[in-house]
Amino acid sequence: MTSASAASLSTAAPLRQDATVIGLVGLAHASSHFSHLILPLMFPVFMKEFGLNFSQVGLLMTVFFIVSGVGQACAGFVVDRLGARPLLFAAMVIFVLTCLAASMVNGYAGLIAVATLAGAGNATFHPVDFTILNQRVSQPRLGYAFSAHGLTGNLGWAAAPVFMAGITAGFGWRNAYVAAALMYVLILILLVLQRDKLSTQVVHKPHVADPSVKTEHAMAFMKLPVVWWCFAFFLLSTMTLAVVQGFAVSILKAMYGVDFEAATMTITAYMLAGAVGVFVGGFVAARNVNSDRVVALCMAVGAILLALCGTGWLGSQAAMVILASTGFAIGIGNPSRDMMIKKATPKGATGRVYGLVYSGLDTGFAISPLLFGALMDHGHYGATLLGAAVVLMLSVVVALGVGQRTQH
């Protein structure tokens, strides 16, 4: 289609139409975040059932995020060529197969295969989601769309423990995976029924008869420094999130004497506070053109709060409250973060740029446990939180660098 027709998708549309698109994409994004936890939640079961150790089950998530990161960078090119909708449907089918395979697994090799499948399913979501949102949602509502996108991701994380643990307790872990497969089937059916809301335009290269006229190569966007600054931002900020998700329970127990249940609830509070922050951040992003400054401020506040928890100066309850508050501060910046990436994206390269940039998220999740796990193994719990705070503060510098490179 012509560029004019593609541009028409971004013009003002009825609120109901925009809300439907945002809701469908948000549901898909929640299912993606749900997939992040379908293996980790069962680690104790796998260790007992198959005689595995922490290193072996930890490797499952490394496999997941490596496959997801590489696949995400590649998926962006496919989205730009074929459109977002086909890849979205393919990802949901992969998740169904992943859960069915998990329900029948009988050993470590099977778990590796499940992790690979899950990573492949997760790979498409950010280039798919943001291509649909950028093309189908009216420009004045994009800030709210990005807020809803982040909010549903957090809710997907929050829903997974309740869903998987609840069904496992009543019917066993294998049936929990069967139920998850059924859930993905139902989501896929809904998306197919509403497929007209998820179509996107493909930007075709114009045919050039004169061979002396050079056209831009599909990889040309990779030469833009701002794209790699965006990649670096996601890598650094996600490394901090990985520390909180993976180690905060152990840190709270060791440093502040918090029991397991209270420490776990603190992580849940962190995620819920992050969801509230994302909701608030949608209004901030819609009203503030300086996305990079909003992101930098929120990350800086989050880093300070995290460092305060790492000092060991606080009481146990204060440490839990401040750690949860860190999620709120960082969450506010997330919609502005997505607006920041949008501003840095060349026209016609949405899928490719989002695919590459968001693969930094998977890279951060993959390498953070290796780096900070070494500190944890030596009992340096406070240093782990302080190190995560330093990394988050580095992301502040990178966010401001992105802003400087997108000013026109």
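Biologist: Is Gln56 buried, partly exposed or exposed in this model?

Modeller: In this predicted model, Gln56 has its place in helix 4. Buried residues have under 20% relative accessible area and exposed ones over 50%. Because the relative accessibility of Gln56 is 27%, this residue counts as partly exposed.

Biologist: Leaving aside its neighbours within four places in sequence, with which residues is Gln56 in contact?

Modeller: Gln56 and Tyr108 are 52 residues apart in sequence, and their C-alpha atoms are 8.3 Å apart in space. Once neighbours within four places in sequence are set aside, the residues in contact with Gln56 are Gly51 and Tyr108.

Biologist: How many helices and how many strands does the protein chain have?

Modeller: The protein chain has 408 residues, of which 53% count as buried. Among its contacts between residues at least 6 apart in sequence, 84% join residues at least 24 apart. As for the elements of the protein chain, the counts are 15 helices and zero strands.

Biologist: At what angle do helix 2 and helix 5 pack?

Modeller: Two packed helices are described by the angle between their axes together with the distance between those axes. For helix 2 and helix 5, the latter covering residues 84–104, the axes lie 11 Å apart. Their crossing is left-handed, and the angle at which helix 2 and helix 5 pack is about 35°.

Biologist: How do the residues of the contact of helix 2 with helix 5 divide into nonpolar, polar and charged?

Modeller: From helix 2 the contact draws on Ala28, Ser31, Ser32 and Ser35, while helix 5 brings Leu88, Met92 and Phe95. Sorted by class, the residues of this contact are four nonpolar, three polar and no charged.

Biologist: Which helix gives the largest share of the lining of the largest pocket?

Modeller: The largest pocket holds about 2000 Å³ of space and is lined by 47 residues, of which Pro40, Phe43, Gln245, Gly246 and Phe247 lie nearest its centre. Among the elements that give two or more residues to this lining are helix 3 (43–50), helix 4 (54–82) and helix 10 (225–256). By class, the lining of the largest pocket has 33 nonpolar, twelve polar and two charged residues. The largest share, nine residues, comes from helix 14.

Biologist: Which helix gives the most to the lining of the largest cavity?

Modeller: A search of the whole structure finds two cavities of 30 Å³ or more, and the largest cavity has a volume of about 420 Å³. Its lining is made of 29 residues, with Asn154, Trp157, Leu241, Asn334 and Arg337 nearest the centre. Among the elements that each supply at least two residues of this lining are helix 7 (125–136), helix 8 and helix 13 (316–343). With six residues, the element that gives the most is helix 13.

Biologist: How many nonpolar, polar and charged residues does the lining of the second largest cavity have?

Modeller: For the largest cavity, the lining has 13 nonpolar, 14 polar and two charged residues. The second largest cavity holds about 30 Å³ of space and is lined by Ala248, Ile251, Leu252, Tyr256, Cys309, Leu323 and Leu385. Helix 10 provides the largest share of the lining of the second largest cavity, four residues. Divided by class, the residues lining the second largest cavity are seven nonpolar, no polar and no charged.

Notes:
Residues are numbered from 1 along each chain as its sequence is written. This is a predicted model: local features need pLDDT of at least 70, side-chain atom pairs count only at pLDDT 80 or more; totals for chains, interfaces and linings use all residues. Side-chain values use heavy atoms; hydrogens and water are left out. On a 1 Å grid over the protein atoms alone, a cavity is a set of points where a 1.4 Å probe fits but cannot get out, and a pocket is an open set with protein on both sides within 12 Å along at least five of seven lines; lining residues have an atom within 4 Å of a point. Grid points are joined across faces, edges and corners, and a volume is the space filled by probe spheres set on the points. Ala, Val, Leu, Ile, Met, Phe, Trp, Tyr, Cys and Pro count as nonpolar, Asp, Glu, Lys and Arg as charged, and the others, Gly among them, as polar. Axes are lines fitted to C-alpha atoms, for helices over the stretch in contact, and angles run from 0 to 180 degrees between N-to-C directions. A crossing is left-handed if the near helix is turned anticlockwise from the far one by less than a right angle, and right-handed if clockwise. Contact means heavy atoms within 4.5 Å. Buried means under 20% relative accessible area, exposed over 50%, partly exposed in between (1.4 Å probe, protein chains only).
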